[in-house]
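Please read the following report alongside the sequence and the three-dimensional model.

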Amino acid sequence: MRSIVCIPTYNEIENIGRIMDAVFDVRPDIHILVIDDGSPDGTAAYVRKRIADDARIHLIEREGKLGLGTAYCRGFSYALDEGFEAIYQMDADFSHDPKDLVRFRDALADHDLIIGSRYISGVNVINWPMSRLLLSWFANLYTRVITGMPVADATGGFKCFRADVLRKIDLSKIRSNGYAFQIEMNYKAWRSGARIIELPIIFMDRVQGVSKMSKNIVYEAAFLVWKLKLGTIFSFGKR
Ligand SMILES: Nc1nc2c(ncn2[C@@H]2O[C@H](COP(=O)(O)OP(=O)(O)OP(=O)(O)O)[C@@H](O)[C@H]2O)c(=O)[nH]1
Ligand SMILES: [Mg+2]
């Protein structure tokens, strides 16, 4: 399967080179698409240099910090247009272990959406403050109870979609950004009948670079799960 991993970046100059190397180490077949939002630290300029001697690297540059959700959607659309069949997403900051890309590929044989999960087989999060862990854990419980979606970790950002799943989702209608974006994509994939599997991953807090987490991300997600649920009820069972 032709595979590509979408990596959104905002000020990841300390990480981007090393993460690309780590990805190619385990998956030399995979392409990498960086979606950079005009990082002032020169992340995009660095990627551009690497593109000169590696055809597996792709770059989309946007004008300013336009948010994670739209960055992913731009990346997914690009990947579909270019004919990729397996479309991965991961963070640049080493919270996600590139070695897991191998297990994800194997699981794709009989699934349509692979979700890297911190909350099956216990809690696999390293170096998060307890407050953030609790927030994330309760956000997932809340999402599961309200939507009924059988996913233990619906807010994580380490995933792989078969292209067919993304084609069924109208990416131009997605407005959410942070946690909410991940929930919305999982929900829409689930409603469209995708075969979903969660694989246990170990999530490490970022060591290098700056966090972009904010309170708005939490409010957005809290509101979105109701919107998804009510949207489904009022569509009278339509998918
Ligand atoms: N293109 C783009 N990338 C972003 C934006 N915000 C965050 N990112 C990238 O998306 C990925 C996830 O963002 P993080 O800042 O790591 O979010 P997080 O994991 O919730 O929080 P921390 O790891 O604590 O910073 C990283 O690769 C970021 O560089 C954005 O507005 N645009
Ligand atoms: Mg992070």
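## Terms and basis

Contact, as the word is used throughout this report, means heavy atoms within 4.5 Å. This is a predicted model, in which local features need pLDDT of at least 70 and side-chain atom pairs count only at pLDDT 80 or more, while totals for chains, interfaces and linings use all residues. Residues are numbered from 1 along each chain as its sequence is written, chains are lettered from A and ligands numbered from 1 in the order in which they are written, and side-chain values use heavy atoms, with hydrogens and water left out.

Helices (H or I, at least four residues) and strands (E, at least two) are DSSP runs, numbered from the N terminus.

## R27, a buried arginine

R27 is placed in the loop between α1 and β2 (31-36). With a relative accessible area of 0%, R27 is buried, where buried means under 20% relative accessible area, exposed over 50%, and partly exposed in between (1.4 Å probe, protein chains only). Not counting residues up to four places away in sequence, R27 touches S3, Y88, L101, V102 and R105.

Two of these partners are also joined to R27 through side chains: the side chains of R27 and Y88 make a polar contact of 3.0 Å, and those of R27 and S3 make one of 3.4 Å. A polar contact is a pair of N or O atoms within 3.5 Å; within protein, one must be able to donate a hydrogen and the other to accept it, and residues adjacent in sequence count only if both atoms are side-chain atoms.

R206 lies in the loop between β9 (203-204) and α8 (215-234), and its relative accessibility of 18% counts as buried. Leaving aside neighbours within four places in sequence, R206 is in contact with E12, N15, D93, S95, S211 and K212. The side chain of R206 makes a polar contact of 3.0 Å with the side chain of E12, and another, of 3.3 Å, with the side chain of D93.

A polar side-chain atom of D93 lies 2.8 Å from an oxygen atom of ligand 1. Backbone atoms take part as well: a polar backbone atom of A92 is 3.0 Å from an oxygen atom of the ligand, and a backbone N or O atom of G67 lies 3.2 Å from an oxygen atom of the ligand.

## Loop residues

N11 lies in the loop between β1 (3-9) and α1, and has a positive phi of about 55 degrees although it is not a glycine. S121, in the loop between β5 (113-117) and β6 (125-126), likewise is not a glycine and has a positive phi, of about 50 degrees. N11 counts as partly exposed at 23% relative accessibility, whereas S121 is exposed, with a relative accessible area of 59%.

G156 is found in the loop between α5 (130-147) and β7 (159-162), and is buried, with a relative accessible area of 8%. Leaving aside neighbours within four places in sequence, G156 is in contact with R118 and Q182. G156 and Q182 are 26 residues apart in sequence, yet 6.6 Å apart in space, C-alpha to C-alpha.

## Two helix pairs

The axes of helix α3 (residues 68-81) and helix α7 (residues 179-191) come within 9 Å and cross at roughly 45 degrees, axes being lines fitted to C-alpha atoms, for helices over the stretch in contact, with angles running from 0 to 180 degrees between N-to-C directions. That makes α3 oblique to α7, because angles under 35 degrees count as roughly parallel, over 145 as roughly antiparallel, 65 to 115 as roughly perpendicular and the rest as oblique. The contact is made by G69, Y72, C73 and F76 of α3 and by F181, Q182 and M185 of α7.

The axes of helix α1 (residues 16-26) and helix α2 (residues 43-51) come within 10 Å and cross at roughly 40 degrees, which makes α1 oblique to α2. Here the contact is made by I16, G17, M20 and D21 of α1 and by T43, Y46, V47 and R50 of α2.
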